[in-house]
Amino acid sequence: MHEDLHQLAKLLHELDDQMVACMKCGMCQAVCPVFSETMKEGDVARGKIALLENLSHEMIADAEGVQDKLNKCLLCGSCAANCPSGVKVLDIFFKARVIVNTYMGLSATKKAIFQGLLTKPALFNSVLDVASKFQGVFTKTANEVIGSSCSRINAPVIGERHFMPLAKKPLRKLEPALNTRPGKGGYRVAFFPGCVIDKIYPQVGQAVLKALRHHELGIYMPAGQACCGIPALASGDKESFDKLVKCNLEIFEKENFDYLLTACATCTATIHELWPMMSGDKTESMQERIAALAAKTMDVNQFMVDVLKVAAPVQGHGTKVTYHDPCHLKKSMKVFEQPRALLKSNPKVEFVEMAEADRCCGCGGSFNLQHYGLSKDIGKIKRDNVVASGAQVVATGCPACMMQISDMLSQHGDKIAVKHVMEIYAETL
Amino acid sequence: MISASLLTEFQNLLGKDNVLESESDRHAYSYDAAVLDAVIPELVLRPTNSEQLGKTVALCNENKLPMTVRGAGTNLSGGTIPTKEHGVVILTNGLNKILEINEQDLYAVVEPGVVTAKFAAEVAKRGLFYPPDPGSQAVSTLGGNVAENAGGLRGLKYGVTKDYVMGVNFWNAEGEYVKSGGKTVKCVTGLNIAQLMVGSEGTLGVYDQIILKLVPPPVASKAMLAEFDDINKASETVAAIIANKIVPCTLELLDNATINLVDDFTKAGLPRDAAAILLIEVDGGHIALVEDDAEKVVEICKKNGARRVQMAKDAAEKNKLWEARRNALPALARARPTTVLEDATVPRSQIPAMIKAINDIAAKYRLQIGTFGHAGDGNLHPTILTDKRDKEEFHRVELAVDEIFDVALSLGGTLSGEHGIGTAKSKWLEKETSKATIIYSRRLKKAVDPNYLLNPGKIIGG
C-alpha cells in the first residue's frame, strides 16, 4: 500500500504548480452549492485542494477518503469563477479525477457503460432505441405540463426521480444527416446535438435546425456523432474520453465550416475547454487539430446574438418566462446575456429574472446518480427560486439542467414548463 | 489518541455526522488562510445547539483536549490552526442562527457561526446597518470577527468589530456559562468581560451568543479617485481631509506596484506611472451635506497636489472607480504562487515613511511587494508575492517580514491592525509591548483556563 501511495503521489505532482496558487483564503465557501448543504470543508474547493496536496506529498494515507471527496463535486465551476487568486479549480479536479480514479480503478458498472457502450455510438444508439420502445411498461406520466415520468415499480437508480422519458424518435431519425451550402445567411455551421438532445429532447434540436434554416445558413450535421466525452472524463476514464474525442474529431474534420454549434452548455464547455485542456499527452498535430475544432465551437445562443445579431429587444406580453444560467454557460463560457436577449426578442414573452439565476441546479451529471439526496437538496433551492419568480416557463441553455429542473418541479407538482431558449426563440420564426 | 469510548460519547452528544474522525476529514481542518504549516487535528466536532456546545467544551476539558474553535477558517495569523498534541477543532457553522434583530433598541443577538455578509444583509433588509466589513465577509463568521476584532474598509469612520460588541455570553474552559455585557447602550454591571473577549482569539472562552450594536445607515454617498505623482502628497491629502473635519467612510490607497499589477490583470487603463491613488468615499444622512463634503474633498486633493481627481456621477461610475481597489488582492494573488498578506499598521501621518521603508525592504531582499490598504487608519497591507516552495526566496520573505514589523514599531505603529497575532506574530509581541505584558496576559489566561486548553499557544505563546 505504501509503495502504491508513493506512485499515486508522483502522478499528482503534475498538479502542484496549479494547486500551489490556492492561498486557502476560503472564499469558495461562499459559492459552493455542495458546501452550502453539508458545511464540511472537505466538500469545498479549498479543502479538496488541501487533500490533494497532502496526497501528493504523501502526508495522507486514506486515498479512498480523498477520492470520495474529490468525486463529491458538481464540477459547476462556481468556485473557480469566484476565486480571488484565479486557481484553475476545474483543471485540477478533472486531471485529479483521471489520476486518482484511474489509479484506484473504475467501477465495473462505469467500465461497462463507458468502455462497452458510450465509446461505440452505433451500439449505444440502438440500445437506447430499443429502450425507448419498452419504457412505458415500467413508467407512467408524472406531470403533463413538464412531460416527466416516474417509475411504476420500485426500480433501482430511478428511485423517486421524475425523469424525462426517452423520445419516441431520436433527433437523428427525425432529422437525418445534413450537409447543405449556405444561402443568404452566409455562414456554414456544423451542429453537434449531443446525447441528451438527440435521445430525450429532439424538439430542442429541431428548434435549432429551424432557426439555422430560417437564417439560411449552411448546415453540416454528420451521422455517427459520439458523446462529447464528459461523463467518461468526470469519472476519470481518460481512455474512453480520448476515444470519443477522436471519433468526433474525425467526423467533423471531413467538412469545412465556420462554427461548430451546440445547444447543450455542457457539450460546448467540454469541447471548447476540456478537449484542449486534456490533450497535453497527445502529439503536437493532434493537439493542433483539437484546438482548431475547439476554437470553432460556440453555444448556439451566443452564435445567434453575437454572430447573427438577431435578437432585437421587444416589449413582450403574454407568457412569463424566467431563465436559469447553466454553470457551463455562465461560469465556464461567460455566456449569460445572449440567452436573455433571445428570450426578450420574443413578443409573446414577458421576461422575469429569478433570484440566484446562476446558482447551480444541482445536476452535475453523474453527481446526480451518486449523490441524489444532495443533488435534490440543491435542486430544491432552484425549484423554489423558479416558483417564486412567478414564471409559467423556465428556460435554460442546457438539456442536463432541463432534466434536473423538470425532476424538481415535477416532484413538487408545479405546473411550470421547462424549455430550451432556442425553442422559445424558434416560436418567433 | 482519543479513546473509542470518548469518541462514542461525542457521537452520542452530537450525532455521528457531526463528529469527523476520518483522516481525510481531519486533514481538511488543518490549515487556515495564513501561510503557516498545517497541523492535523485528532477530531473535528460540530455542535448544532448551545447545550451541545457547552457539553463539548466540558468533555474536551475533562479529557484534556486542546480546543480550537473554527468558523470559516479565513484567519490570516494561524489562529484557527489546531494545537499540535491531541488538538480538537470545534466548528461553529452549525450554530448559525440570528436569534434577534431588535429595530427599536438597535441591537442583534447572534450565534457565533452566522456569516458576516448574510447578517449585514438581514440587518439592511430592516433598514439598519452593521458596518464592520472585513475582506472575507462573504464567508467569515461573526464569532471569528469578534475573536479577531476584525476590521475592514470602513474602520476610519465607523470603527471595527469591537465598537459593535455590546455583550458576549460564552462557555468557560470547564463548560460553565458566563454572561457579560447586555442589550442596553449603558451597562456597567460587573467587569467589562465582553470587551476582554473581543480579540482574544479563542483563548479565554467559547462564544455562545454575541450581542451586536446596529446603527442607522447613511442615505447618500459619493466616491472619488485621486492620482498622485508623489506618495507624500497622497499622505498629506489624507491628513488634510481629516484636518478639515471630514471623515470619509473609505480612504483607500494603492501604491505604484499595486496599480501596475492591477492594470496588468484588468487592463482597465489605470495610471501606471502614478506613485499612488486614493479611493475616497464620503457618506452621510443627507445628500446635500455629502455633496458638499465631496466637493471639499476634491478641492483638498487638488490643493495638496493630486494631478487628477475623478468624482463618480452615478452608481455605475462609482462601481468603476472601485474596480481598482476591488481587484487589488486578486491581482496581487495571481502574480505569484504564494501571497503573504501583512497588516502592519502605523499612525496615518507615518504612511509615506512606512511605504518608503517597505519599498527599500523589497529592494534589499529582492522581493516583489505591493502595498495597498486603509490609508485613513494607517492600516496597510504590504503584500509579498513569492513561492513558498523556493526555500531560499521564502527565507528572504521571512527576513523582510521581520524588518517590516521593526519599521512599523519604530514609527509608533503596531504588529497587526486587523489580522490578529495567532501564532504568526506572537514572537514579536514582546517587542511591541513588554515582558510584563506577556506575563500579565499569561497569568490571566492561567486563571480562567488552568489546563491551558482554550486555543493554547495563540497570541501569548506558552
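This is a predicted model: local features need pLDDT of at least 70, side-chain atom pairs count only at pLDDT 80 or more; totals for chains, interfaces and linings use all residues.
**Entry 1: Leu278(B)**

I wanted to know which residues Leu278(B) is in contact with, once its neighbours within four places in sequence are set aside. The list I got is Ala226(B), Ala234(B), Thr237(B), Leu251(B), Glu252(B), Leu253(B) and Ala375(B).

Next I looked up the largest nonpolar core, and Leu278(B) turned up there too, among the residues with the most contacts inside it. Val208(A), Met422(A), Leu212(B) and Ile277(B) are named alongside Leu278(B). I noted 261 residues for this core. Which helix gives the largest share of the core? I found that it is α7 of chain A, residues 89-104, with 9 residues.

**Entry 2: α8 and α10 of chain B**

I have α8 of chain B as residues 231-243 and α10 of chain B as residues 287-303. Their axes lie 9 Å apart, and the helices pack at an angle of about 140°. That angle is why I wrote down α8(B) and α10(B) as oblique to each other. The crossing of α8(B) past α10(B) is right-handed.

**Entry 3: Val31(A)**

Over to chain A. I found Val31(A) in the loop between α2 (16-19) and α3 (33-38) of chain A. Is Val31(A) buried or exposed? I counted 24 C-beta neighbours inside 10 Å, so Val31(A) goes down as buried; the cut-off for that is 20 or more.

Leaving out residues up to four places away in sequence, I have Val31(A) touching Ser78(A), Cys79(A) and Asn82(A). I also checked Gly77(A): from Val31(A) it is 46 residues away in sequence, and the C-alpha to C-alpha distance is 9.5 Å.

**Entry 4: where chain A meets chain B**

Last, I looked at the two chains together. I noted 25 residues of chain A in contact with 25 residues of chain B. On the chain A side, the elements that give two or more residues are α4 (45-56) and α5 (63-71). Which element gives the most to that side? My note says α4(A), with 4 residues.

How values were computed
Residues are numbered from 1 along each chain as its sequence is written. Chains are lettered from A and ligands numbered from 1 in the order in which they are written. Two residues are in contact if their C-beta atoms, placed from the backbone, lie within 7 Å. A nonpolar core is a set of buried Ala, Val, Leu, Ile, Met, Phe, Trp, Tyr and Cys residues joined through C-beta atoms within 7 Å. A residue is buried if 20 or more other C-beta atoms lie within 10 Å of its own, exposed if 12 or fewer, and partly exposed in between; C-beta atoms are placed from the backbone. Axes are lines fitted to C-alpha atoms, for helices over the stretch in contact, and angles run from 0 to 180 degrees between N-to-C directions. Angles under 35 degrees count as roughly parallel, over 145 as roughly antiparallel, 65 to 115 as roughly perpendicular and the rest as oblique. A crossing is left-handed if the near helix is turned anticlockwise from the far one by less than a right angle, and right-handed if clockwise.
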